[in-house]
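Subject: Structure for your review

Dear colleague,

Please find the structure below, followed by an account of what was found in it.

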Amino acid sequence: MNFLDMFRSKPRQCTSCRDISPGLHCVYSGLRRGSITDQLCTNCLISRLGAEIRGKGILFIEPLTTDGYCYFPFGEVGNQGLSQDRVRLALSSLAPTCADCSSEPHHLWMPLRDLDESAMQKQTRGDYYSIPSEPACWRDTVSLCDGHAAARLRDYIERKRYFFLTFRFPEGGDSGYYS
Ligand SMILES: [Zn+2]
Ligand SMILES: [Zn+2]
């Protein structure tokens with residue numbers, strides 16, 4: 001492979017806006033498996049996310065890695081139990097207004113430092129992140145409107161220079177969580 005081919009071999013063109021991006025997020029359809037539907041730049045990812053979370057209530061757990069950031073709807077088999085109870089509790093403790101504007105919030109952004117570390121160490125494979133059992137334990141979790149929840153993820157992606165290898169837009173359920 002010559003020098004020019006090395007450049008040509010890696011087109012990083014967003015499948016939505018066609019702009020060239022330093023990286024792309026791989027969007028998959030379906031809840032599991034599914035297939036890759038788009039490779040999006042951060043702008044397109046965030047603007048579509050802002051539209052797709054409308055009408056839902058979602059707990060966004062700060063992404064731990066670039067491997068994936070996926071939505072888990074409630075009511076799905078295999079996604080019952082502790083995580084679900086705690087997410088519901090979290091979403092029932094939304095602040096009266098968005099942390100970044102005066103709109104009514106429907107989502108929460110939970111930083112990793114708010115997760116229950118001792119419970120994380122005890123969890124077995126297949127369990128999920130340990131969302132604290134008491135709203136008083138989540139000090140840095142903020143309530144956000146649709147636009148500001150999407151903006152929070154944008155800030156995070158840009159700060160970390162993240163490009164997700166797997167990203168799934170919310171499908172199914174009127175509430176759930178992202179992790
Ligand atoms: Zn784009
Ligand atoms: Zn807002």
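Two residues are taken to be in contact if their C-beta atoms, placed from the backbone, lie within 7 Å. On that basis, residues 24 or more positions apart account for 76% of the contacts in the protein with a separation of 6 or more.

This is a predicted model, in which local features need pLDDT of at least 70 and side-chain atom pairs count only at pLDDT 80 or more, while totals for chains, interfaces and linings use all residues. Residues are numbered from 1 along each chain as its sequence is written, and chains are lettered from A and ligands numbered from 1 in the order in which they are written.

Overall composition

The protein contains 5 helices and 7 strands; helices (H or I, at least four residues) and strands (E, at least two) are DSSP runs, numbered from the N terminus. Read from the N terminus, the elements follow the order α-β-β-α-β-β-α-β-α-β-α-β. Of the 179 residues, 33% are buried. A residue counts as buried if 20 or more other C-beta atoms lie within 10 Å of its own, as exposed if 12 or fewer do, and as partly exposed in between.

The sheet

An open sheet of mixed pairing is formed by 5 strands in the order S4-S7-S3-S5-S6. Strand S4 (71–73) and S6 stand at the edges with a single partner strand each, so one side of each has no neighbour in the sheet. From one strand to the next, the twist averages 20°, where axes are lines fitted to C-alpha atoms and angles run from 0 to 180 degrees between N-to-C directions. Two strands pair if DSSP finds at least two bridges between them.

Strand S5 (residues 107–110) is joined to strand S3 (residues 57–61) by 3 bridges, and these two run parallel; Ile61 has Met110 in S5 as its bridge partner. S5 is also joined by 3 bridges to strand S6 (residues 142–144), here running antiparallel, and Leu144 in S6 is the bridge partner of His107. In a regular strand the side chains alternate between the two faces of the sheet. Both faces of S5 are covered, with His107 and Trp109 buried on one side and Leu108 and Met110 buried on the other.

The helices H2 and H5

In helix H2 (residues 42–52), the buried residues are Thr42, Cys44, Leu45, Ile46 and Leu49. Their cover includes strand S1 (25–28), strand S2 (36–40) and helix H5 (146–160).

In H5, Asp146, His148, Ala149, Ala150, Arg152, Leu153 and Ile157 are buried, and what covers them includes H2, S3, S5 and S6. The 15 residues of H5 should span 21 Å at 1.5 Å a residue, and its end C-alpha atoms are 22 Å apart, which agrees; the expected span is 1.5 Å times one less than the number of residues.

H5 is followed by Arg161, in the loop between H5 and strand S7 (175–178). Arg161 has a positive phi of about 55° although it is not a glycine, and it is exposed, with 10 C-beta neighbours inside 10 Å. Arg18, in the loop between helix H1 (3–8) and S1, also has a positive phi, near 70°, and is a residue other than glycine. Arg18 is exposed, with 9 other C-beta atoms within 10 Å.

With kind regards
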